[in-house]
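Student: I have a structure open and want to go through a few residues. Can we take them one by one?

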Amino acid sequence: MLTEFLKLFFTGWVFAGLFMVVTFIVSRRIKNTGIVDVAWSIGFAPVAIFYATFSHGDLTRRWLIAGMATLWSVRLAAHIAARVKHSHPKEDERYHKLREEWGAQEAQKMFGFFQVQAALLIVLSVPFLLACMNARTGISAFEMVGVAVWLIALGGESLSDHQLKQFKADPKNKGHVCQAGLWHYSRHPNYFFEWLIWMGYFIFALGSPWGWITVYCPALMLFFLLKVTGIPMTEELSVKNRGDEYRQYQKTTSAFVPWFRKG
């Protein structure tokens, strides 16, 4: 089992690394680093399909988890690609800020950043690999619960993205804060449901040997969303662009978990 795991894991890592090299080259040509987010999102689909194709676990389980990963991956990548295309040629402020901070070493550090994305992609794909290697027939209770959580999360993330898109499509809302639908109960419902998707993958993996070790996946995603590239950067930009209206939104509305508003 260990030999098969290592073989598939490192083959997937080589693919992800090369994929990010190509993405880096394209990003330099179009002068938009934002496509790394698209590449990272879509990269899970071929990795999951690769695991399902070349592992020796139960056929039904292999293609169930591969289908879940692919559907989520393609939807998220399409959503981000539309956002990047809409903003082009202007680059995402997060990456523009990194360019300025890195100065003369920007090219080398940005290349390293792309490879870190490749490593994260593979490390976060371990739940898919462990499930694909599970030879036990039949879908367990853990896996059924994992699918249910995943379905709720995918629906919630899709709905929150759609509601924000509809809000921004109305010219009257330019410069204002979206507080419609799920955004009435959370300042970042899309981030919450993204984290919940990874909870679904973790719960699904619990039905396989060593699946419990993948608890780091939702934990790592939660850390990035709450402390690194998710909420902190988004909040900073929102206050900068929307001022007092967003500050009031912060006072009344949950930052992450959808909940009733204060006051």
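**Burial and salt bridges**

Tutor: Start with S160, which is buried, with a relative accessible area of 0%. Keep in mind that this is a predicted model.

Student: Which helix does S160 lie in?
Tutor: S160 lies in helix α7, which covers residues 141–169.

Student: And what is S160 in contact with, leaving aside neighbours within four places in sequence?
Tutor: With those neighbours set aside, S160 is in contact with L182, W183, P189 and N190.

Student: Changing topic. How many salt bridges does a search of the whole structure find?
Tutor: The search finds eight salt bridges. One of them pairs the side chains of R28 and E106, at 2.8 Å from N to O. That pair links distant parts of the chain: R28 is in helix α1 (residues 2–30), E106 is in helix α5 (residues 106–124), and they are 78 residues apart.

Student: Is R28 buried or partly exposed?
Tutor: R28 has 30% relative accessibility, so R28 counts as partly exposed.

Student: What about E106, buried or exposed?
Tutor: E106 is buried, because its relative accessible area is 10% and the cut-off for buried is under 20%.

Student: Which residue does R75 meet in a salt bridge?
Tutor: The side chain of R75 meets that of E157, with N to O at 3.5 Å.

Student: Is E157 buried or exposed?
Tutor: E157 counts as buried, at 3% relative accessibility. Helix α7 is also where S160 lies.

Student: Last one, N32. Where does N32 lie?
Tutor: N32 lies in the loop between α1 and α2 (35–54).

Student: Buried or exposed?
Tutor: N32 is buried, with a relative accessible area of 1%.

Student: What does the side chain of N32 reach?
Tutor: It reaches the backbone nitrogen of G34, at 2.9 Å.

Student: And how far apart are N32 and S87 in space?
Tutor: They are 9.8 Å apart, C-alpha to C-alpha, and 55 residues apart in sequence.

Terms used:
Residues numbered from 1 in each chain as written. Predicted model: local features only at pLDDT ≥ 70, side-chain atom pairs only at ≥ 80, totals over all residues. Heavy atoms only, no water. Helix = DSSP H or I, 4+ residues; strand = E, 2+ residues; numbered from the N terminus. Buried < 20%, exposed > 50% of the residue type's maximum accessible area, 1.4 Å probe, protein only. Contact = heavy atoms within 4.5 Å. Salt bridge = Lys/Arg side-chain N within 4 Å of Asp/Glu carboxyl O. Polar contact = N/O pair within 3.5 Å; in protein donor to acceptor, adjacent residues only side chain to side chain.
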